[in-house]
Amino acid sequence: MTGSVLVVDDDSAIRTVVAAALRREGHAVTTAASLAELRRAIGAALPDVLVTDVILPDGNGLDEVAKLTAEHPALPVIVFSAQNTLATAVRATEVGAFDYLPKPFDLDVLGQAVRSAIARGRRAPAELPEDELSGGASLIGRSPAMQEVYRVIARVVANDLTVLISGESGTGKELVASAIHDMGPRRRAPFVALNMAAIPRDLIEAELFGHERGAFTGAATRMAGKFEQAAGGTLFLDEIGDMPMDAQTRLLRVLQQGEFTTVGGARTIKADVRIVAATNKDLAALVQSGQFREDLFYRLNVVPIALPSLRERRADVPLLARHFLDRAAESGLPRKRLAVDAVAVLEGYDWPGNVRQLENLMRRIAALSRDEVIDGDAIRRALGETNAAPIATRDEGIEAAVRARLERIAIEEPRVLDDGTLYDRIIGEVERPLIEAMLGRHGGNQLRAARALGINRNTLRKRLDTLGIDMGPVRPDGAE
């Protein structure tokens, strides 16, 4: 299907290439280089489709699109932009754009979008104000793979369609779910997350639907389940592939009927939530093997979003790394910068732990590196030490051993760097072998051990108690 198309872009090369491609498909094409020229062209003749850039010499194309779609509701608009962010994609949809294409785009994709716009007409605009788009800030990336994710999110934020997010662990599935909630009409209601893999199988139904007092042993009071807690908002079911079969049956019934009862209860409760589920497993394969209900799979897989692994979006690694260093600085850690060779090392790594691994690495470097500018060697050392902590040599002394221990903690338990327990933990780990060694040297004689350490006996006894050191039968003070 062909028609008249108005192409607006301040780059003459882009106008020429796009116009030529559309004319080859049989469309009648006119062009404009500014908002003023766009208005004149629209005033002269309303095209079948408007294709426009966002940043123009005399204003913002999205603001103009909002006015045009209000004045001409039947005019489909396709927006393209080099500002390849989720906020731009969502904003384009919200002002009434039929489609959004990030630059650089495939001319075949643009041609298909133009044909679809002519054939199907303009999509209904969403109703989210621009000043409430901050939820998308948590999603970072401008790679083609992430642009496709943004396009899907932009199309679902304004409705209540069930979304199934798939992707490897650490790719940011909960961030996508949160962005869908924060940008949608339910954003003022709760966002409640439940990880199926983290809950004992026999408690999943009680967690989902709540329970009444006395419903089972230990149910001393009534508890509202996640469906009630998320009322009016979004319920995020993470690792849905780990849900046991009986709980799958109950969830399916809720999705079909829109209501549920608590465990041990008889009162029917309306399920007023949007469901967003996520998995790092192949649910289709689980269906084939009989481990996941086929009917539930189709209920959840209304809008699928496949999150790429970090190795599939390497171009986003520098942007993400700098973002995480900035966040670390905002939380009080020293501000660090990446050298050019450090960026190259980061881009060349495969990131088996995906975005989560990158975030932990950047936080670790911010906390422990002495240098303001992080070079490639520092990144290689940090990545190479993820399987074993470095061993300090005799010449390096105890300072290097403590630093090595800190680095190991930063890898395995990064939360310890911020939860207020680090000082006591490190001191305890150094103090224990010191006290045990001195007690052993003096045959368990606490008085002599205390003298050798330079502390009094009462202090030593308190430290033995605090550290839980059991020396067994202790020789009397002064005994040889």
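Two strands count as paired if DSSP finds at least two bridges between them, and strands (E, at least two residues) and helices (H or I, at least four) are DSSP runs numbered from the N terminus. With that in hand, here are my notes on this model.

1. A word on the basis. This is a predicted model, in which local features need pLDDT of at least 70 and side-chain atom pairs count only at pLDDT 80 or more, while totals for chains, interfaces and linings use all residues. Residues are numbered from 1 along each chain as its sequence is written, and side-chain values use heavy atoms, with hydrogens and water left out.

2. Strand E1 (residues 4-8) and strand E2 (residues 28-32) run parallel, joined by 5 bridges. Val 8 has Ala 32 of E2 opposite. With helix H1 (residues 12-24), the two strands E1 and E2 form a right-handed β-α-β unit (with the strands pointing away from the viewer, the path from the first strand over the helix to the second runs clockwise).

3. The open sheet. Its 5 strands follow the order E9-E10-E13-E8-E14, with parallel pairing. Strand E9 (191-195) and strand E14 (303-306) are at the edges with a single partner strand each, so one side of each has no neighbour in the sheet. From one strand to the next, the twist averages 20° (axes are lines fitted to C-alpha atoms, for helices over the stretch in contact, and angles run from 0 to 180 degrees between N-to-C directions).

4. Strand E8 (residues 163-166) pairs with E14 in the parallel sense over 4 bridges, and Val 163 has Val 303 in E14 as its bridge partner. Helix H6 (residues 144-156) packs on the sheet and touches E8, strand E13 (274-279) and E14; the direction of H6 makes about 155° with that of E14. Contact here means heavy atoms within 4.5 Å.

5. H18 against H19. The axes of helix H18 (residues 422-441) and helix H19 (residues 446-453) come within 8 Å and cross at roughly 125°. That makes H18 oblique to H19 (angles under 35 degrees count as roughly parallel, over 145 as roughly antiparallel, 65 to 115 as roughly perpendicular and the rest as oblique). Leu 434, Ile 435, Met 438 and Leu 439 of H18 meet Gln 446, Ala 449, Ala 452 and Leu 453 of H19.

6. H18 against H20. The axes of H18 and helix H20 (residues 457-467) come within 11 Å and cross at roughly 120°, which makes H18 oblique to H20. From H18, Gly 428, Glu 431, Arg 432, Ile 435 and Leu 439 meet Leu 460, Arg 463, Leu 464 and Leu 467 in H20.
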